[in-house]
Amino acid sequence: MAAAEPAGRKRRSKGHFAAAAGRAKRPRGGGRQLEAGMRGILITCNMNERKCVGEAYSLLGEYGDLLYGPEQFSDHEERLSGSEKEEDEDDVEAALKKEVGQIRASTEQKLRRFQSVESGANNVVFIRTRGIEPENLVHHILKDMHATKKKKTRVILRMLPISGTCKAFMEDMKKYTETFFEPWFKAPNKGTFQIVYKARNNSHMSREEVIKELAGIVGSLNPENKVDLNNPQYTIVVEIIKNVCCLSVVRDYVLFRKYNLQEVVKSNKDDTQQNPSSLTEEQNSNVVKPETEEEKSSKEVKEENKNQGETEAEHKGNDVLTV
């Protein structure tokens with residue numbers, strides 16, 4: 001015979017326990033994970049991801065305020081009154097639904113300029129950005145550190161802007177990059193380029209196939225786009241984590257030591273012979289929004305490397321596109 005329940009205690013429904021189990025299975029970070037459609041900054045570190053996130057917030061916040069002004073927050077928050085809470089206590093399911101709705105509404109009101117999400121790989125942090133251009137911000141940081149030689153981080157290694165993301169399947173990548181590459185490589189725009197590729201926790205993508213297909217797309221946009229491994233105007237960054245492909249097209253990749261914050265502050269005699277891209281942030285924004293005219297300012301670099309890039313591409317095939 002079943003024991004009688006204590007007086008005054010209400011029996012909870014199965015839905016209550018199912019909801020609790022669902023919350024327990026959510027990953028750290030409130031369920032925020034890297035997924036297709038996000039933009040942001042991919043950061044690698046040395047074994048200390050928590051400290052890396054802290055350094056990233058500090059560094060990005062400092063330069064974000066300089067470029068875009070202080071971040072504005074909303075003080076308005078929806079709150080339940082005491083009477084509303086009492087009315088919902090009789091209905092556990094309704095209370096749970098209301099709580100979830102409140103959390104979502106509060107989250108939407110407090111969207112941050114920079115927000116860490118689960119990257120899906122060890123020693124990799126992804127900072128989602130809102131309302132800014134990741135390429136401009138990261139280039140500005142590296143340009144300043146390269147000029148001042150002032151070290152500002154301890155555990156952050158590389159900081160790569162991610163302008164777009166898509167599913168890490170070849171057909172999805174081809175369809176996405178056909179339009180993604182246009183601001184930099186579609187005629188009349190043109191430039192020298194290289195492709196760097198890295199895959200983490202992914203075994204179904206072929207490095208050679210990805211490089212071949214993406215290089216073919218760049219060439220189809222304008223036959224004057226040429227490969228250059230020594231000093232390309234643009235470096236196409238392909239970072240694959242699980243089933244997400246992160247993409248960006250960056251400048252000064254070689255000069256800024258592959259966007260490594262630890263290396264860019266080190267003195268090097270070659271730095272005196274090479275200057276960072278002279279594009280202003282406003283001009284670079286135009287590149288992202290296919291209205292650029294910056295190719296004119298890069299003609300000298302292109303002419304110096306044109307013959308060398310063509311020769312290497314003919315003899316080495318697709319491997320010439322890798323670093």
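What you're looking at is a predicted model, where local features need pLDDT of at least 70 and side-chain atom pairs count only at pLDDT 80 or more, while totals for chains, interfaces and linings use all residues. Residues are numbered from 1 along each chain as its sequence is written, and side-chain values use heavy atoms, with hydrogens and water left out.

Let's start with the whole chain. It has 10 helices and 9 strands; these are DSSP runs numbered from the N terminus, with at least four residues (H or I) for a helix and at least two (E) for a strand. Of the 323 residues, 41% are buried, where buried means under 20% relative accessible area, exposed means over 50%, and partly exposed is in between (1.4 Å probe, protein chains only). Now think about contacts, meaning heavy atoms within 4.5 Å. Among those between residues at least 6 apart in sequence, 80% join residues at least 24 apart.

Next, find strand β3, residues 124-129. All 6 of its 6 residues are buried, so β3 is largely enclosed by the rest of the structure. V124, F126 and R128 point one way from the strand, while V125, I127 and T129 point the other way. Who are its neighbours? Strands count as paired if DSSP finds at least two bridges between them. Strand β1 (residues 40-45) pairs with β3 in the antiparallel sense over 5 bridges, and L42 has F126 as its bridge partner. Strand β2 (residues 114-117) is also antiparallel to β3, over 4 bridges, with Q115 partnered by R128. The hairpin of β2 and β3 has 6 residues between the strands, and there G120 takes a positive phi near 95 degrees.

Now turn to a pair of helices. Helix α2 (residues 49-68) packs against helix α5 (residues 134-148) at an angle of about 105 degrees, with the axes 10 Å apart. Axes here are lines fitted to C-alpha atoms, for helices over the stretch in contact, and angles run from 0 to 180 degrees between N-to-C directions. The two helices are therefore roughly perpendicular to each other, a label for angles of 65 to 115 degrees (under 35 is roughly parallel, over 145 roughly antiparallel, and the rest oblique). On the α2 side, the contact residues include L59, L60 and Y63, and on the α5 side they include L137, H140 and I141.

Most residues other than glycine have a negative phi, and most peptide bonds are trans. The bond from A187 to P188, however, is cis, with omega near 10 degrees, and P188 lies in the loop between α7 (182-185) and β6. N201 has a positive phi near 50 degrees; N201 sits in the loop between β6 and α8 (207-221) and counts as exposed at 54% relative accessibility. K258 has a positive phi too, near 60 degrees. You'll find K258 in the loop between β9 and α9 (281-288), and at 42% relative accessibility K258 counts as partly exposed.
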